[in-house]
Amino acid sequence: MTGRPAFRNFLLAALTSTLTLFGTAHADDAFDLSPEQPARVRAEKNDAAIAAISKDFTFVIPGKFTVAVSPGGPPLATYATDAKTVVGADPDYASAIADSLGLELELVPVAWIDWPLGLTSGKYDAVISNVGVTEQRKEKFDFSTYRQGLHGFFVKSDSPITSIREPKDAAGLRIIVGAGTNQERILLRWNDENVEAGLRPLELQYYDDEAASLLALSSGRADVIVQPHAQLIYIAARDHNIKRVGTLSAGWPDRSDVAIATKKGSGLADALTVATNGLIESGVYAKILDHWHLAEEALPKSETNPPGLPKT
């Protein structure tokens, strides 16, 4: 009996290794992770954004826009093939904002857990790293929105499931979700709605890691996987065996946005909102999202400190 868990762990380790060795090559067809980034979209200087910077604001490094980013994985932010340059949608967006402000970008890789302290202590001017707007975070930080916060519903490429848009679409399905995540919280609410309406309950499944989750989906032990949308977009390009059948707002039933975070009251947030709206109007914004296959996450306009996810 003791040999079975060990053998299972061996298989999962082998699968993970295979995805690491061969999956990146497949994803290169859709995502350029080279350090050079020859297709990076640049922006023109935005005088209105520059004028909106508070006279009291001082950049951490004169002449530079110093931005923290957490290289959590493609396509949002990851280390390039040289293992030191950070590339992805968030670095490209940071670069366009720096262009808009007439500044050079200084990108600072940080661990996700460290960005709040680093921002409040003045180590960088802003954080552009898939930070969602919440009412609790708004007590310490200002926000300038630049993307929708979305989770994705993905199924096997040959699955008969074609669309998941609302709770009834998921009735009776076996859904892989991370324990303790925001998407789990939402799916539990979906389940309550379905049961109350007399529909079949959802069957939520939990796995230890990504490899085990994808194996469960590909082997037919589960019908759907729900994770942050951007992560699944990359996995779909890498593995060529899953497809999107829907998206879910991180703030369901309301929209929840991702934003640039700045120190509360620093005087920079309004300028970043103006800069983002300039990028939207010029088409640079859409080009960045299209380049990283994230057009689904586009916002119609940027806002400063919109309503965020409520305190729990």
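This is a guided tour of a predicted model, moving from a sheet to the helices beside it and then to some backbone details.

**The sheet**

Begin by selecting the open sheet of 5 strands, whose order is S4-S1-S5-S12-S6 and whose pairing is mixed. At its edges stand strand S4 (104–109) and strand S6 (141–148), and because each has a single partner strand, one side of each is left without a neighbour in the sheet. If you look across the strands, the twist from one strand to the next averages 30°.

Next, select strand S1 (residues 64–69) together with S4: these two strands run parallel and are joined by 6 bridges.

**Helix H3 against helix H8**

Now bring in helix H8 (residues 269–282), which packs with helix H3 (residues 89–100) at an angle of about 105°, their axes being 10 Å apart. Since angles of 65 to 115 degrees count as roughly perpendicular, H3 is described as roughly perpendicular to H8. To see the contact itself, show the side chains of Tyr-93, Ala-96, Ile-97 and Ser-100 in H3, which meet Leu-272, Ala-275, Thr-276 and Leu-279 in H8. Sorted by class, this contact of H3 with H8 has 6 nonpolar and 2 polar residues, and no charged ones.

**Cis peptide bonds**

Return to S1 and follow the loop between S1 and strand S2 (78–79), where Pro-75 lies. The peptide bond that joins Pro-74 and Pro-75 is cis, with omega about 5°. Then move to the loop between strand S11 (242–249) and S12, where Pro-253 is found; here a cis peptide bond joins Trp-252 and Pro-253, and omega is about 10°.

**Positive phi**

Select Asn-130, which is found in strand S5 and has a positive phi of about 60° although it is not a glycine. With a relative accessible area of 30%, Asn-130 is partly exposed, a class that lies between the limits of 20% for buried and 50% for exposed.

Finish with His-293, in the segment after helix H9 (284–291). His-293 likewise is not a glycine, yet it has a positive phi of about 60°, and at 38% relative accessibility His-293 counts as partly exposed.

Note on methods. Residues are numbered from 1 along each chain as its sequence is written. This is a predicted model: local features need pLDDT of at least 70, side-chain atom pairs count only at pLDDT 80 or more; totals for chains, interfaces and linings use all residues. Side-chain values use heavy atoms; hydrogens and water are left out. Axes are lines fitted to C-alpha atoms, for helices over the stretch in contact, and angles run from 0 to 180 degrees between N-to-C directions. Helices (H or I, at least four residues) and strands (E, at least two) are DSSP runs, numbered from the N terminus. Angles under 35 degrees count as roughly parallel, over 145 as roughly antiparallel, 65 to 115 as roughly perpendicular and the rest as oblique. Contact means heavy atoms within 4.5 Å. Ala, Val, Leu, Ile, Met, Phe, Trp, Tyr, Cys and Pro count as nonpolar, Asp, Glu, Lys and Arg as charged, and the others, Gly among them, as polar. Two strands pair if DSSP finds at least two bridges between them. Buried means under 20% relative accessible area, exposed over 50%, partly exposed in between (1.4 Å probe, protein chains only).
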